[in-house]
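Reader: I have a chain open on my screen. Can you walk me through it?

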Amino acid sequence: MTKRYVSLPAEAEGAMREFVTEVDERLSSDEDTCSVVEDVLLELSGDREAYERWQAGEEVSVAERVRLQSYDPCNTTLESEYYAEKDEEKFKRSKHLQWLWRQFDSLPIADNVEFALRFRRMLADHLFEDCGENCRFFKGITFTYGHNITVGDNVVVHDDVHLDDRGKLTIGDRVSISDGAHIYSHDHDVVDQTEVRNYHTIIEDDARVTYDSMIRAGNKVGENAIVGARGIVQNDVPAHHIAVGMPAKSVKIKPGWEDVAVPLEEAGVNRQDERHLPYELEDDLEVFDEFQRVFDVPEAGGR
């Protein structure tokens, strides 16, 4: 047993439970999500008085006005907002919820672990495609959208993890994702990086993705497998295998699973193509190319 049970004083427990329930109910209602997010952030930041002064027409500085406006997610942009292939209808809501998650994490109260875990767990129910029971999401977790993520029961995601769901990301039951891990579901062409391919990335039940590791798009970490610290997964990791290195390779089978696991010499298979997620863009899409590059690929035999 590596942890002990921690409880809060009754008064603090009651207030936290009441607040999380209140926000949950408002997000589940027909109330405008932008308004809910703005209201919650104003209350948690302690900026309500300044906001009311501004709304009453009293003088505020330009910087203060920008800050107060930014509590409303409709007045903000996220990097993922520029991605052409996103589902616009789903993103309208997930953007607002993602903004609440990110801004909550920037507040001092996010260091109150018990409260923050409950608050993020509640938000995950609204943001993710599906989220199981008893999940624990720590500080600094980021997503592309959020709405393409499915999470099982009893999952733990630690600090500063990036869960990229530009494609699709499925995380099974009892998965542990350690600090600083990056799990991707999209990739770029090696010649023209504006050409994006999306994939379904899978982390199966009981897998462990350890410190600072990276799972490339379209790969699967099998049931009960481990990706060692700073490993870079570029192929599927079979169930019960331990994979380490850059690129990650299976070096051992967990003791006790030798008879059911794929032999080490049969590991290292890439199945990205099987998990490719095609998409179509509108014919009249107004394209924004931040690089403005023109590729002149040399002919064979040229220099």
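Author: Let's start with helix H6. Its buried residues are Phe 115, Ala 116, Leu 117, Phe 119, Arg 120, Arg 121, Met 122, Leu 123, Ala 124, His 126 and Leu 127. Buried means under 20% relative accessible area, exposed over 50%, and partly exposed in between, with a 1.4 Å probe and protein chains only.

Reader: What kind of model is this, and how are residues numbered?

Author: This is a predicted model: local features need pLDDT of at least 70, side-chain atom pairs count only at pLDDT 80 or more, and totals for chains, interfaces and linings use all residues. Residues are numbered from 1 along each chain as its sequence is written, and side-chain values use heavy atoms, with hydrogens and water left out.

Reader: Back to H6. How many of its 15 residues are buried?

Author: Eleven, so H6 is mostly covered. Helices are DSSP runs of H or I with at least four residues, strands are runs of E with at least two, and both are numbered from the N terminus.

Reader: What do the buried residues of H6 pack against?

Author: They pack against H1, helix H2 (33-45), helix H5 (88-105), strand S1 (130-131), strand S2 (136-137) and S3. Contact means heavy atoms within 4.5 Å.

Reader: What span should H6 have?

Author: At 1.5 Å a residue, its 15 residues should span 21 Å. The end C-alpha atoms are 20 Å apart, which agrees. The expected span is 1.5 Å times one less than the number of residues.

Reader: Now aromatics. How many aromatic pairs are there?

Author: The structure holds 13. Rings of Phe, Tyr and Trp (its six-membered ring) pair if their centres lie within 6.5 Å; planes under 30 degrees apart count as stacked, over 60 as edge-to-face and the rest as tilted. Phe 19 and Phe 119 have ring centres 6.1 Å apart and planes at 20°, so that pair is stacked.

Reader: Which helices hold Phe 19 and Phe 119?

Author: Phe 19 lies in helix H1 (residues 10-28) and Phe 119 in helix H6 (residues 113-127), so the pair ties together parts that are 100 residues apart in sequence. Phe 119 counts as buried, at 0% relative accessibility. Ring pairs also link Phe 19, Phe 104, Phe 115 and Phe 119 into a cluster.

Reader: Which charged ends sit over rings?

Author: Among them, the end of Lys 86 sits over the ring of Phe 91, 5.3 Å from its centre. The end of Arg 166 sits over the ring of Tyr 83, 3.6 Å from its centre. The cut-offs: NZ of Lys or CZ of Arg within 6 Å of the ring centre and within 35 degrees of the ring normal.

Reader: On to strands. What order do the five strands of the open sheet take?

Author: S3-S6-S9-S13-S16, with parallel pairing. Strand S3 (142-143) and strand S16 (232-233) stand at the edges with a single partner strand each, so one side of each is left without a neighbour in the sheet. Two strands pair if DSSP finds at least two bridges between them.

Reader: How many bridges join S9 to S13?

Author: Two, between residues 182-183 and residues 214-215. Ile 183 stands opposite Ile 215 in S13.

Reader: And S7: which residues are on its covered face?

Author: Leu 169 and Ile 171; Lys 168 and Thr 170 are on the uncovered one. Strand S4 (residues 149-151) pairs with S7 in the parallel sense over three bridges. Four bridges join S7 to strand S11 (residues 196-203), also parallel.
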